[in-house]
Amino acid sequence: MKEIKQLHQQIGLSTLKFVIFYILTLGFYDMVWLYSANNAFEKCLNTKVKSATYLIMYVIVCAWSHFFLSFPDEESYQIFLAIGACLNFVQFVMGFIWANSARYQLTYHCLAKHNIQLKTHTIYVLLFNYFYINYLINHLAKLELTESA
């Protein structure tokens, strides 16, 4: 399970720190984490979760969503708020798709390479998104450490 250990070292962030950084940066840190995690998956597990184009589109949707939601709440700006809400939903769906793909890649890698049946739940991906993927990576690194001891 040295690939999982490398993946954990590449990302190197506890879930609590991830949540704190997410809150402190008002939700922008997830884009940085997503880019670094996507590259770490590609480097350590030799598999792509999503392409670079997907990540660029995600960042564009996030930026436009934050732009449209930043207008004041007046009657003349209701259309901007509606567009922002729609883009925010698209951002959530894109994040869910990435997190679900990452969950699938982790599950498949653990089963195919190490014969470990990782029990993951789609509902957790839906509720916690990237935080759950970060938790899984940290959990697998701890599992690897206990197996080697």
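Predicted model: local features only at pLDDT ≥ 70, side-chain atom pairs only at ≥ 80, totals over all residues.
How do the axes of helix α1 and helix α3 cross, and within what distance do they come? The axes of α1 (residues 2-11) and α3 (residues 29-44) come within 9 Å and cross at roughly 155 degrees. That makes α1 roughly antiparallel to α3, a label for angles over 145 degrees, while angles under 35 count as roughly parallel, 65 to 115 as roughly perpendicular and the rest as oblique.

Residues are numbered from 1 along each chain as its sequence is written, and side-chain values use heavy atoms, leaving out hydrogens and water. Helices are DSSP runs (H or I, at least four residues), numbered from the N terminus. Their axes are lines fitted to C-alpha atoms over the stretch in contact, with angles from 0 to 180 degrees between N-to-C directions.

Back to the helix pair. On the α1 side, E3, Q6, L7, Q10 and I11 meet W33, A37, A40, F41, K43 and C44 of α3, where contact means heavy atoms within 4.5 Å. Sorted by class, this contact has seven nonpolar, two polar and two charged residues.

Now for the aromatic rings. The whole structure holds 19 aromatic pairs, meaning rings of Phe, Tyr and Trp (its six-membered ring) with centres within 6.5 Å; planes under 30 degrees apart count as stacked, over 60 as edge-to-face and the rest as tilted. Here are two of the pairs:

| Pair | Centre to centre | Angle between planes | Arrangement |
|---|---|---|---|
| F18 and Y29 | 5.9 Å | 65 degrees | edge-to-face |
| W33 and Y130 | 6.1 Å | 50 degrees | tilted |

F18 in helix α2 (residues 15-24) and Y29 in helix α3 are 11 residues apart. W33 lies in α3 and Y130 in helix α7 (residues 130-148), so their pair ties together parts that are 97 residues apart in sequence. F18 is buried, at a relative accessible area of 0%; buried means under 20%, exposed over 50% and partly exposed in between (1.4 Å probe, protein chains only). Both W33 and Y130 are buried as well.

W98 lies in helix α5 (residues 78-114) and is buried, at 0% relative accessibility. Leaving aside neighbours within four places in sequence, W98 has contacts that include W33, F41, Y54 and Y130.

Key: Helix = DSSP H or I, 4+ residues; strand = E, 2+ residues; numbered from the N terminus. Nonpolar A, V, L, I, M, F, W, Y, C, P; charged D, E, K, R; others polar.
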